[in-house]
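Morning, everyone. Please have the model open as I talk.

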Amino acid sequence: MFHFDYDATGQLLAEEVPLQKIAAELGTPTYVYAEATLTRHFRVYDQAFSAHSHLVCYAVKANTSGALLSLFASMGGGADIVSGGELFRALRAGVPTDRIVFSGVGKTAEEMQEALDAGILSFNVESEPELLLLDQVARARGVQAPVALRVNPNVDAKTHPYIATGLKESKFGVPITEGRRLAELVVRSPGLRLTGLDCHIGSQLTKLGPTLEALDSVLALADELRGAGHPLEHVDIGGGLGITYSGETPPHPDELGQAVTAKMKGRPELLILEPGRVIVGNAGILLSRVLYVKETKDRTFLVLDAAMNDLIRPSLYQAHHEIWPVERHPERGNFTVDVVGPICESGDTFAKARTLPRLLAGELVAILSAGAYGFSMASTYNSRRRAAEVLVSGDRFCAIRARETYESLVAGETLPPWQRGA
Ligand SMILES: *Cc1c(COP(=O)(O)O)cnc(C)c1O
């Protein structure tokens, strides 16, 4: 039910639009997002928490496209940002400033100023030195910065080590045992106002236990702070809910929502959530064309026109993405191939020894579950232009980002005067 399905003739559609048509008009590689899926995922997640007053701050880094940010804002969503660039994008897309929370271990003074000037809802502060700098920056501007302490509850999120963020050895958050002392430091700092507690233990979580365990620790600290005369306005449990790439069975948002709101029952704090992947992951595919079917003695390689610069998850996390032909030809049977891109790295591999329907050079494939951490992690390595992005809505589609040009690849580059003979 992701709105990427075959029609009766064996053509893969995004909602009602044949992917063939998008490729013919806009070329490949191209990211294609289904608005129906984006809308449904946002609504389901939001409604899952309806038993408690809450705010869904979509994690911008999962997919930073302005059209998506603006869609979620129109549905009542806010934004979880991690840089000045994401603040710029969120504001440009019309996300109300009082629905923006700012996470990240390395906020610069300049980014703090920009966010203070915008008037965001909360700085999720991740260390004592950050706290001290934010106090200085806010005082210099004659304002008070709203602060939620990001605590590290030391729970094992049981996910890939690169995306686990809640263990005590991780760079994120302050140890929960330091929470009380730092909260009191916030309260004593004239440039700061203590508004909440925050945690985010990792991404692609497929079990509820670790999140609930983290929430228990956060709520215990919130109670301790209230007892000490520092009641909080909000509690933020981050994002992280996993999706199905291939066979994983993560909890449904309703299960998470029910368990979390049960723990929040009767509590005064607003609940903030920061989902990314679960909203956008399965709402997008990467559309690519087979350049060559390359046979060697040992293997068959399917060489695509998409590469690790477009979608780095397989190279970075050994992530699995399903690959579907855009046109079905069941009569041809299957073959087992390594699916690779054109980049000069052996790591530029989407799948190894994968059995796929037999494909020919020139045909199209869809790499599934590419809506999250796909385009937002893209680079121009090998001087490849970043892909176009397309949003589909029913039978309509629109390039929400044009394919990068050779000119935009070199924008900002210049020769030093001594090379110009000046
Ligand atoms: C990445 C991130 C998220 C979103 O994580 P998902 O797994 O995509 O839901 C939320 N909050 C913080 C602080 C993050 O770093």
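How many residue pairs are in polar contact between domain 1 and domain 2? The count is 11, with both residues at pLDDT 80 or more. A polar contact here is a pair of N or O atoms within 3.5 Å; within protein, one must be able to donate a hydrogen and the other to accept it, and residues adjacent in sequence count only if both atoms are side-chain atoms.

Ground rules. This is a predicted model: local features need pLDDT of at least 70, side-chain atom pairs count only at pLDDT 80 or more, and totals for chains, interfaces and linings use all residues. Residues are numbered from 1 along each chain as its sequence is written, and side-chain values use heavy atoms, leaving out hydrogens and water.

Now the domains. Domain 1 covers 4-33 + 281-409, and domain 2 covers 35-279. Those bounds come from an automatic or database domain assignment. The two centres, taken over C-alpha atoms, are 32 Å apart.

Next, the interface. On the domain 1 side, 24 residues contact 23 residues of domain 2, where contact means heavy atoms within 4.5 Å. Together the domains bury about 2000 Å², with 55% of it on carbon and sulfur atoms. Buried area is the accessible area (1.4 Å probe) that two parts lose on being put together, summed over both. In domain 1, Asn282, Tyr317 and Tyr373 lose the most area to domain 2, together 27% of what that side buries.

The term means a side-chain nitrogen of Lys or Arg within 4 Å of a carboxyl oxygen of Asp or Glu.

Which elements give two or more residues to the domain 1 side? Helix 11 (313-317), strand 20 (388-393) and strand 21 (396-401). Strand 20 gives the most, with four residues. Helices (H or I, at least four residues) and strands (E, at least two) are DSSP runs, numbered from the N terminus.

Over the whole structure, there are 18 salt bridges. In one of them, glutamate 233 meets arginine 193 at 3.0 Å, N to O. Glutamate 233 sits in the loop between helix 8 (209-227) and strand 12 (234-236), and arginine 193 in strand 11 (192-198), so the pair ties together parts 40 residues apart in sequence.

Last, the backbone. The peptide bond from threonine 28 to proline 29 is cis, with omega near -5°. Proline 29 is in the loop between helix 1 (19-26) and strand 4 (30-34). Histidine 3 is not a glycine, yet its phi is positive, near 65°. Histidine 3 lies in the segment before strand 1 (4-6). For context, most residues other than glycine have a negative phi, and most peptide bonds are trans.

That's my tour. Thanks.
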